[in-house]
Amino acid sequence: MLSPFRREALVSSGGLEYTSHGAVTLHRNRGRLGPRGGFISAVLRADRLFDLFQVGYEAEVPPGCSVSVQFRTYARGSEAPSAWIQVAPEDEPAMSSTCDRLQFRVVLTSSGDQAPVLSTLAIQQATHDTLPGLRAPRVAMCAPGVVPRRKWGALAPRQALKAIEPEKIAVHHSSEPRASQYAGASTIRGIQRFHMFERGWNDIAYHYLIGPDGTIFEGRPERLNGSHSPANGNKLGICVLGNFNRGAESITPRARASLLRMLAYLAGKYGISSRSIYGHCDFNSTDCPGDTLYGSLALLRSQVEVLLHRHAGTAACGAGT
Ligand SMILES: [Zn+2]
C-alpha cells in the first residue's frame, strides 16, 4: 500500500496550508486560491525512505487557464534535489532513486476574470516492494525456445513451492560464475546445487537463466515462488550469466536478444507493464545486475513496449511456431 506523508512533516508555506488525513490536502486560502501565481512548498520529509511516489490532484480549470503541479525529490543523504518533474492527476507512480524528502510547486495561470481552482493535492510514497505491479494488456507472443529442466539435468525441488501470480520481473546477473566460465548445462546444474546445498533454498533461485550464447534455461516454473529478490512473492526472476559490474564483462548481443525476447514474452503473457521490469538492486541492497546491465534496462523496457505493440491484436502464437 502507498503510505501518506506524516502530518507533522507538513508545514505552511506561501500562505497555503497543508494538512494530512491519509493524504495531503491543499486548502484554499481564505476561500480563494489566488487567481494566478506560483507556490512552492517547504521540503517535506517522508516517514520512511521511498523510491516511488504518486501524486493526485483535483482542479477546476476554465478555458484559457492552467494548473501545473511539479515535484522534485532528494536522494537519501543528498542536499541536491532532482530536476522538477511535471505530474498529471492520473499519472502512474513516478520512479526515483531512494529518497527521503520531496518538494512541490504549483503554478496557476488565469485568463481574464476566469481563474483555476486547485482543491486537493495528495502525495503518497512507496517502495517497489509495497506497490502492486503495474498492469498492461496481455499480448500473446510465441514463447522463446527454452532448455527445459529435464534437459539440463535439474534436481527436483526439496519441497512444494507456493504458487504466485506474476506481476513484476527482476533482472539479475550471476556475478559468479562469470560468462567466461560458462559451460552450458553443467553451469546451470552447478548454480542449482549451490542454491540448494550452500544457500539452503528449495530449488534454483531464478525462473530463467540466459547463457552468453543466448541459450535460455528453464529455472523454477513461472507460477512458483522464486528465491531471487526478497520478498520474492509476485516477481519473476531472470538471471543473465556474467558479471556486469564496473566493466568486468559485457553482455553478449545473443544474451541481450534472448533477455529482450523473454522479457517481452513474459510481460505480454501476464499483462505486466514494461515499467514493472526492474533490476534486483531496485528491491534489495545489492549491486546485482551490475551497473552496465542495470543501465541498459531503460532501453530494454522501451524495446519491450515496441515488441508488445507490434504483436498486440495479432493471433495467438500458432502451433509449432
Ligand atoms: Zn540478483
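Modeller: The answers below refer to a predicted model.

Colleague: Which protein atoms are the donors of the zinc ion, and how far from it do they lie?

Modeller: Along the chain the donors follow the spacing H-x107-H-x7-C. H172 sits in strand β10 and H280 in the loop between β14 (277-279) and α4 (291-295), so the pair, 108 residues apart, links distant parts of the chain. The donor atoms are H172 (ND1), H280 (ND1) and C288 (SG), at 2.1 to 2.2 Å from the zinc ion.

Colleague: Is H280 buried or exposed?

Modeller: The cut-off for buried is under 20% relative accessible area. H280 has a relative accessibility of 12%, so H280 counts as buried.

Colleague: What is the distance from the sulfur of C281 to the nearest cysteine sulfur?

Modeller: The structure holds 0 disulfides. C281 is in none, and the nearest cysteine sulfur is that of C288. A disulfide requires the sulfur atoms to be within 2.5 Å. The distance for C281 is 7.3 Å.

Colleague: Why does E167 have no salt bridge?

Modeller: E167 is buried, and its nearest side chain of opposite charge is R135. A salt bridge needs a side-chain nitrogen of Lys or Arg within 4 Å of a carboxyl oxygen of Asp or Glu. E167 therefore has none, as R135 is away by 4.1 Å.

Colleague: Which side chain makes a polar contact with that of E167?

Modeller: E167 is found in the loop between α1 (149-152) and β10 (168-173). Residues that E167 touches include P132, L134, R135, I272 and S276. The polar contact, at 2.7 Å, is with the side chain of N234.

Colleague: What is omega for the cis peptide bond that joins C288 and P289?

Modeller: P289 lies in the loop between β14 and α4, and C288 is one of the zinc donors. Another cis peptide bond runs from E176 to P177, with omega near -5 degrees; P177 is in the loop between β10 and α2 (185-198). For C288 and P289, omega is about 10 degrees.

Colleague: What relative accessible area does R246 have?

Modeller: R246 lies in the loop between β13 (235-240) and α3 (253-270). Its phi is near 50 degrees, a positive value in a residue other than glycine. S175 also has a positive phi, near 60 degrees, and is partly exposed at 26%. R246 is exposed, with a relative accessible area of 67%.

Key
Residues numbered from 1 in each chain as written. Predicted model: local features only at pLDDT ≥ 70, side-chain atom pairs only at ≥ 80, totals over all residues. Heavy atoms only, no water. Helix = DSSP H or I, 4+ residues; strand = E, 2+ residues; numbered from the N terminus. Buried < 20%, exposed > 50% of the residue type's maximum accessible area, 1.4 Å probe, protein only. Lys, Arg positive; Asp, Glu negative; His and termini not counted. Polar contact = N/O pair within 3.5 Å; in protein donor to acceptor, adjacent residues only side chain to side chain. Contact = heavy atoms within 4.5 Å. Donors = N, O, S within 2.8 Å, 3.2 Å for Na, K, Ca; no water. Lists of a residue's contacts leave out its neighbours within four places in sequence.
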